[in-house]
Amino acid sequence: MLEPREKQEFDGLVARLRDTDPGFARRVDRLRLRQRRRWLVTAILLWTIAPICLFYGGWTGALEAVLAVGYGAWLMHKRNRADRSSSPSSPDRRPTAEA
């Protein structure tokens, strides 16, 4: 975990890198998009498997179904949180010269 001052410096470096190298920024954004898409597909697969576990698994299947639904929900929460977070290059996150 970075200290607030170190985090501000890091965000500044990332913002400058994004400004000077738009190709890099596009590649990083594409990687983030793929990761969010993978979380969605994994969550859907887990939710699809849960009823099958319930039907065929007995009490063990019920436990597996609860875990699958819970992990799928956590993945969707993580995906939505990643959607809401702003990139370091947004104007409200850039470090100011006042520091």
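Colleague: In which helix do Asp 11 and Lys 7 both lie, and how many residues apart are they?

Modeller: Both lie in helix α1, four residues apart, which is about one turn of the helix. Helices (H or I, at least four residues) and strands (E, at least two) are DSSP runs, numbered from the N terminus. The chain has two helices and zero strands. Please note that this is a predicted model, in which local features need pLDDT of at least 70 and side-chain atom pairs count only at pLDDT 80 or more, while totals for chains, interfaces and linings use all residues. Residues are numbered from 1 along each chain as its sequence is written, and side-chain values use heavy atoms, with hydrogens and water left out.

Colleague: How far apart are the closest N and O atoms of Asp 11 and Lys 7?

Modeller: A salt bridge is a side-chain nitrogen of Lys or Arg within 4 Å of a carboxyl oxygen of Asp or Glu. Asp 11 and Lys 7 form one, with their closest N and O atoms 3.1 Å apart. By this rule the count comes to four salt bridges. Another joins Arg 5 to Glu 9 at 3.6 Å, and this pair also lies in helix α1 (residues 4-20).

Colleague: Is Asp 11 buried or exposed?

Modeller: Buried means under 20% relative accessible area, exposed over 50%, and partly exposed in between (1.4 Å probe, protein chains only). Asp 11 is buried because its relative accessible area is 9%, whereas Lys 7, at 36%, counts as partly exposed. Arg 5 is exposed at 56%.

Colleague: Which residues are linked in a network of salt bridges?

Modeller: The network links Arg 18, Asp 29 and Arg 32. Within it, the side chains of Asp 29 and Arg 32 meet at 3.9 Å, N to O. These two residues lie in helix α2, three residues apart.

Colleague: Which residues form a positive surface patch?

Modeller: Patches are made of residues with over 30% relative accessible area and no salt bridge; like charges are joined within 9 Å, and nonpolar side chains (Val, Leu, Ile, Met, Phe, Trp, Tyr) within 5 Å. Lys and Arg count as positive and Asp and Glu as negative, while His and the chain ends are not counted. Here Arg 26, Arg 27, Arg 30, Arg 34 and Arg 37 form the patch. Arg 30 has its place in helix α2 (residues 22-84) and is partly exposed, with a relative accessible area of 45%.

Note on methods: Accessible areas come from the Shrake-Rupley method with a 1.4 Å probe; for residues, only the protein chains shown count as cover. The place of a charge is taken as NZ of Lys, CZ of Arg, CG of Asp or CD of Glu.
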